[in-house]
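User: I would like to learn how to read helices and their packing in a model. Could you walk me through it?

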Amino acid sequence: MNNQNTSSIKTSPVWLKAATNPRSPRARLGVTAKEFREMGRIGGMYYNRGDLGKARTVFEGLVAMDPESSDAHAALGALFTRTLENDLALLHLSRAIELDDEQIAAYVNRAEVRLRQQQGEAAVADLKRAIELDPQQKNAAANRARAMVMGIHDALEAKSVM
Amino acid sequence: MGAGVGKMFGIDKIFGGLLDSIGLGALKPLVNVAFDFATGNVPGVLQDLTSLMSNFANGSLTNNVASRPPLPETFNSQDNEYRAAADDQPATSANACARRQDNGDLSSNRVGQLFKLLGEVFNSKDPSEMMTKLSDLFKLVSENAQNRQTIQNARTNVQFFGGSSTITA
């Protein structure tokens with residue numbers, strides 16, 4: 001499943017680049033911030049229902065519409081994290097963080113992908129950043145990072161005892 | 001830290017319950033290969049991290065933890081499509097129905113406009129993959145708007161007949 005859509009890795013930057021030149025499709029279509037957010041929430045609704053095909057259609061459309069949107073990249077990255085398409089997930093999550101270095105969800109998901117790819121230290125760095133961005137402990141994504149830290153620690157400790 | 005973070009926070013056997021419940025049960029075998037004990041650095045970093053979570057209680061874990069790879073907050077729609085529009089409106093119960101009826105800007109008409117614009121603004125020189133993705137997006141959004149309208153119509157009918165029965169009673 002990890003390599004299910006690796007062909008898109010090659011094609012994505014092409015259309016992303018074209019879409020940004022000269023103005024984003026979002027600007028050319030006059031899609032407002034509220035409309036963009038609402039489309040994202042429709043994608044979120046499909047995502048939360050588990051209808052990942054439709055969620056992917058929405059999130060890919062939003063990335064095509066506005067390649068400079070951290071939210072769109074973070075959402076698509078979350079979906080690829082969920083479908084275990086690690087390379088695609090990393091591509092979009094890293095882009096989301098480049099565009100907005102306070103994008104908590106992207107850090108948490110990138111940590112999960114990096115763990116799968118056996119990059120423990122990089123994963124912990126992302127978890128740390130996510131946790132630091134939510135000092136009030138109110139953000140569900142950052143709390144997922146906290147749960148992951150606890151789990152990692154316990155797993156390491158169990159291993160050291162063995 | 002001999003007691004383990006789970007025990008420190010009063011959550012024993014963390015892999016047996018909580019992490020499984022949030023879809024992270026598969027973490028344990030990954031952790032064993034993801035960290036290199038030879039460096040000795042990672043456990044130290046983790047220890048630093050736990051100090052950032054000193055007040056992270058069991059309740060926070062079970063009540064407010066993303067149960068799947070999280071979306072950015074602006075796109076999060078945990079319940080249904082109506083919540084998104086409702087979040088942008090003043091929280092009064094008096095206009096709750098009106099809020100649902102006037103659900104943001106993405107009515108069928110607006111999506112129809114976007115479709116039309118898509119054909120006008122972009123020409124054949126634009127990358128076809130982008131056009132396909134935008135077209136697919138708008139189709140889904142349009143489908144969603146139509147479903148919303150259908151549900152709203154059904155609601156209005158229920159309210160109408162409900163109101164009639166109240167009057168006749």
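Analyst: Happy to. Helices here are DSSP runs (H or I, at least four residues), numbered from the N terminus. This is a predicted model, in which local features need pLDDT of at least 70, side-chain atom pairs count only at pLDDT 80 or more, and totals for chains, interfaces and linings use all residues. Residues are numbered from 1 along each chain as its sequence is written, and chains are lettered from A in the order in which they are written.

User: What pLDDT does chain A average, and what share of its residues score at least 70?

Analyst: pLDDT is the predictor's confidence in each residue, from 0 to 100. Chain A averages 85, and 83% of its residues score at least 70. Over residues 1-11 of chain A the pLDDT is below 50, and this stretch has 14 contacts in the model beyond near neighbours in sequence. A contact means that two C-beta atoms, placed from the backbone, lie within 7 Å.

User: How many residues of α5(A) are buried?

Analyst: A residue is buried if 20 or more other C-beta atoms lie within 10 Å of its own, exposed if 12 or fewer, and partly exposed in between. In α5(A), 12 of the 13 residues are buried, among them A:His73, A:Leu76 and A:Phe80. Their cover includes α3 (33-49), α4 (52-65), α6 (86-99) and α7 (104-116) of chain A.

User: How do α5(A) and α7(A) lie relative to each other?

Analyst: Two packed helices are described by the angle between their axes and the distance between the axes. Here the axes, lines fitted to C-alpha atoms over the stretch in contact, come within 10 Å and cross at roughly 30 degrees. Angles run from 0 to 180 degrees between N-to-C directions; those under 35 degrees count as roughly parallel, over 145 as roughly antiparallel, 65 to 115 as roughly perpendicular and the rest as oblique. α5(A) and α7(A) are therefore roughly parallel. On the α5(A) side, the contact is made by A:Ala74, A:Gly77, A:Ala78 and A:Thr81.

Conventions. Helices (H or I, at least four residues) and strands (E, at least two) are DSSP runs, numbered from the N terminus.
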